[in-house]
Protein chains: 2
Amino acid sequence: MRIALLGGTGDIGAGLALRWATDSDHDIVIGSRDPEKARETAAAYEDTLADQGVDRKLTGFANEMAADRADVVVVAVPAYHVTDVMGAVADRLDADTLVISPAVGIASGEHGLHYNPPSAGSVTALVADAAPDGVDVVGAFHNLAADRLADLDTELDADTLVVGNDEGARTRVAELADDITGLRALDAGPVENAAEVESLTPLLINLARYNDDLRDVGVTFE
Amino acid sequence: MRIALLGGTGDIGAGLALRWATDSDHDIVIGSRDPEKARETAAAYEDTLADQGVDRKLTGFANEMAADRADVVVVAVPAYHVTDVMGAVADRLDADTLVISPAVGIASGEHGLHYNPPSAGSVTALVADAAPDGVDVVGAFHNLAADRLADLDTELDADTLVVGNDEGARTRVAELADDITGLRALDAGPVENAAEVESLTPLLINLARYNDDLRDVGVTFE
């Protein structure tokens, strides 16, 4: 499977790229608004992987080019860039493309971070609204600590929640998550349920702030 | 410590009463609007405990009487009764009383349950607004599956999140949570952070709905 990580130069993109390159055979494409930065970042990820004894080739392109021939497109950009990036790549997506939304709208308060959804109700819903008709959009990978995800020496041992209107698409994304060692996907149902899923991210950051032993905290449901 | 469980005849009240009675020496008082129902329920809990080989006396009173001489008052009533119950007991609370709020505002959607906070921003904030000046209010025990909590044959093995403006009060509630075997308290900071904590409850119920192996699911942060 060819996976394009739009905004793949950012921290969640880095972690997903490194984990999938290590734990699966998926072809990883790094997307960025700046194609030169995308190429340089892909090369830097190759170096990181080589340090781990993993010999993989990653490529880097402008987001539009990265999305063009991908089977899976991960919109790994901050919530406030999602609409622009989806607009830029929409005509590169077809009905076979699976779009994954890991972004969360977050606002800062005095004592913590707070869930701040777009007017669509959730970022997953925003991406679904921006995707061409017939393209499946699934929210996932919201609640992974980016540093832990990108640190290949650390066991993940965490759950991620998969939310989207098409059950088959949720299953495909769950399989992509399960490809990553130490990550377990759970089904959170249709996009209607995305706000509660995305709300977990500010909660995790707040818990890391108020509990000394919970840096880069993940979550497990049992 | 004398702990009064207002609405202690309900499912979260039952679980907390049985667990504290089993795992600690705290004096447990069951409160209800109907004092006769409170007494009968306390006797029924004693029978359940006796079946487990636990010999404990529990008492039952009207909510006002239950709150009157309690060190800790748990407002274990549905979110839409919180304001009435707090109004009924407010003049029984003094500056030494610690009030705990486990309730969550939840609305039903087509595909799942959704966080539906009161206009105060969270139920914890609603209880804090309704408490007399100087009385500490802490949100906790929101995210425990009631059936699992009340089933003394089941290991809890779950975390609960403690949220309130006074750090010392949060520590006291964390200690009360830690008194229950298999329960670990984590600090979520001031009341400002309560919405993200309370949002976990509908999420857990949604996950139980969409994942066959997650009935009565709890959550762990690591």
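Biologist: In what sense do strand S9 (residues 158-164) of chain A and S10(A) pair, and over how many bridges?

Modeller: In the parallel sense, over 6 bridges. Two strands pair if DSSP finds at least two bridges between them, so S9(A) and S10(A) pass. The strands themselves are DSSP runs of E, at least two residues long; helices are runs of H or I, at least four, and both are numbered from the N terminus. One bridge joins A:Val163 to its partner A:Gly189 in S10(A).

Biologist: What ground rules apply here?

Modeller: This is a predicted model: local features need pLDDT of at least 70, side-chain atom pairs count only at pLDDT 80 or more, and totals for chains, interfaces and linings use all residues. Residues are numbered from 1 along each chain as its sequence is written, chains are lettered from A and ligands numbered from 1 in the order written, and side-chain values use heavy atoms, without hydrogens and water.

Biologist: What makes S3 and S10 of chain A edge strands?

Modeller: Start with the order of the open sheet: S3-S2-S1-S4-S5-S8-S9-S10, 8 strands with mixed pairing. Strand S3 (59-62) and strand S10 (183-189) each have a single partner strand, so one side of each is left without a neighbour in the sheet. Neighbouring strands are turned by 25° against each other on average, direction ignored.

Biologist: Which strands of chain A does helix H4 lie across?

Modeller: Helix H4 (residues 82-89) lies across strands S1 (2-6), S4 (72-75) and S5 (98-101) of chain A. Contact means heavy atoms within 4.5 Å. H4 runs at about 155° to S4(A). Axes are lines fitted to C-alpha atoms, for helices over the stretch in contact, and angles run from 0 to 180 degrees between N-to-C directions. Helix H5 (residues 123-130) lies across S4, S5, S8 (136-139) and S9 of chain A, at about 165° to S8(A).

Biologist: Which strands of chain B does helix H9 of chain A lie across?

Modeller: Helix H9 (residues 200-210) of chain A lies across S9 and S10 of chain B, at about 95° to S10(B).

Biologist: Why is the pair B:Asp68 and B:Arg92 called a salt bridge?

Modeller: The rule asks for a side-chain nitrogen of Lys or Arg within 4 Å of a carboxyl oxygen of Asp or Glu. Here the closest N and O atoms are 3.9 Å apart, so the pair qualifies. The two residues sit 24 apart in the chain: B:Asp68 in helix H3 (residues 63-68), B:Arg92 in the loop between H4 and S5 of chain B. The count over all chains comes to 14 salt bridges.

Biologist: Why is B:Asp68 called partly exposed?

Modeller: Buried means under 20% relative accessible area, exposed over 50%, and partly exposed lies in between (1.4 Å probe, protein chains only). B:Asp68 has 34%. B:Arg92, at 26%, is partly exposed too.

Biologist: Which residue does B:Asp159 meet in a salt bridge?

Modeller: B:Arg184, at 2.8 Å, N to O. The pair joins strand S9 to strand S10 of chain B, 25 residues apart. B:Asp159 is buried at 2%, while B:Arg184 is partly exposed at 28%.

Biologist: Are B:Arg170 and B:Asp187 buried or exposed?

Modeller: B:Arg170 has a relative accessible area of 6%, so it is buried. B:Asp187 is buried at 17%. Their side chains meet in a salt bridge of 2.6 Å, N to O. That bridge links helix H7 (residues 167-178) to strand S10 of chain B.

Biologist: How do you know how compact chain A is?

Modeller: Its radius of gyration, taken over C-alpha atoms, is set against the globule rule: 2.2 Å times the number of residues to the power 0.38. Chain A has 16 Å, close to the 17 Å that the rule gives for 222 residues, so it is as compact as a globular protein of that length. Buried residues make up 58% of the chain.
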